[in-house]
Amino acid sequence: MNYQVRFTKQAEDDLLRLYDFILERDASDTSLAERALEAIQHGVRSLELAPFNCRKAEPDSPFLRELMLPFGASGYVALFEIDDAQTVTILAVRHQREDDYH
């Protein structure tokens with residue numbers, strides 16, 4: 001069964017923020033920013049087939065999960081919810097080294 005993956009407005013804003021963060025460090029490094037977004041997009045596609053393979057974000061919530069997205073020495077994490085038998089919603093995307101990453 002294939003799931004449709006969608007992004008909340010907050011998650012879309014997170015992607016822009018992460019892209020901009022890389023460019024703030026080095027405005028000429030657009031290729032790194034593009035590769036980071038591609039790594040996130042590639043990882044998110046795995047949710048189309050097997051979202052239940054990802055770890056639970058909270059022990060008591062079987063439908064709220066986290067997808068680890070390796071990139072470089074660390075990577076990103078996408079918080080998502082399995083809405084029903086057809087839909088997965090990405091709620092947030094964070095870099096693993098951000099202060100609010102848990």
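The model is predicted, so local features are reported only at pLDDT of at least 70 and side-chain atom pairs only at pLDDT 80 or more, while totals for chains, interfaces and linings use all residues. Residues are numbered from 1 along each chain as its sequence is written, and side-chain values use heavy atoms, without hydrogens and water. Five strands form an open sheet of mixed pairing, and helices α1 and α2 pack on the sheet. Five salt bridges are present in the structure.

**Sheet**

- The strand order is β1-β5-β4-β3-β2; strands (E, at least two residues) and helices (H or I, at least four) are DSSP runs numbered from the N terminus, and two strands pair if DSSP finds at least two bridges between them.
- β1 and β2 (55–58) stand at the edges with a single partner strand each, so one side of each has no neighbour in the sheet.
- From one strand to the next the twist averages 40°; axes are lines fitted to C-alpha atoms, for helices over the stretch in contact, and angles between N-to-C directions run from 0 to 180 degrees.
- β2 pairs with β3 in the antiparallel sense through three bridges, and Arg-55 stands opposite Glu-66 in β3.

**Strand β5**

- Of the nine residues of β5 (residues 87–95), seven are buried, where buried means under 20% relative accessible area, exposed over 50% and partly exposed in between (1.4 Å probe, protein chains only).
- With β1 (residues 4–7), β5 pairs in the parallel sense over four bridges; Gln-4 stands opposite Thr-87 in β5.
- With β4 (residues 74–82), β5 runs antiparallel and is joined by seven bridges; Glu-81 stands opposite Thr-89 in β5.
- β4 and β5 form a hairpin, with four residues between them.

- α1 touches β1, β4 and β5, and its direction makes about 30° with that of β5; contact means heavy atoms within 4.5 Å.
- α2 touches β1, β3, β4 and β5, and its direction makes about 145° with that of β3.
- α2 (residues 30–45) has 16 residues and spans 23 Å from its first C-alpha to its last, close to the 22 Å expected at 1.5 Å a residue; the expected span is 1.5 Å times one less than the number of residues.
- Leu-32, Ala-33, Ala-36, Ile-40, Gly-43 and Val-44 are the buried residues of α2.
- Viewed down the axis of α2, these buried residues fall within an arc of 115°, so they line one face of the helix; the arc is that of the directions from the helix axis to the C-beta atoms.
- The buried residues of α2 pack against β1, α1, β3 (61–71), β4 and β5.

**Salt bridges**

- A salt bridge is a side-chain nitrogen of Lys or Arg within 4 Å of a carboxyl oxygen of Asp or Glu.
- Asp-13 is partly exposed at 30% relative accessible area, whereas Lys-9 is exposed at 57%.
- Arg-17 forms a salt bridge with Asp-14, with the closest N and O atoms 3.5 Å apart; this pair also lies in α1, three residues apart.
- Arg-17 is partly exposed at 34% relative accessibility, while Asp-14 is buried at 2%.
- Asp-14 also meets Arg-94 in a salt bridge of 2.9 Å, N to O.
- That pair links distant parts of the chain, with Asp-14 in α1 and Arg-94 in β5, 80 residues apart.
- Through shared partners, salt bridges join Asp-14, Arg-17 and Arg-94 into one network.

**Glu-98**

- Glu-98 lies in the segment after β5 and is partly exposed at 21% relative accessibility.
- Apart from its neighbours within four places in sequence, Glu-98 is in contact with Arg-17 and Leu-18.
- Glu-98 and Tyr-76 are 22 residues apart in sequence, and their C-alpha atoms are 9.5 Å apart in space.
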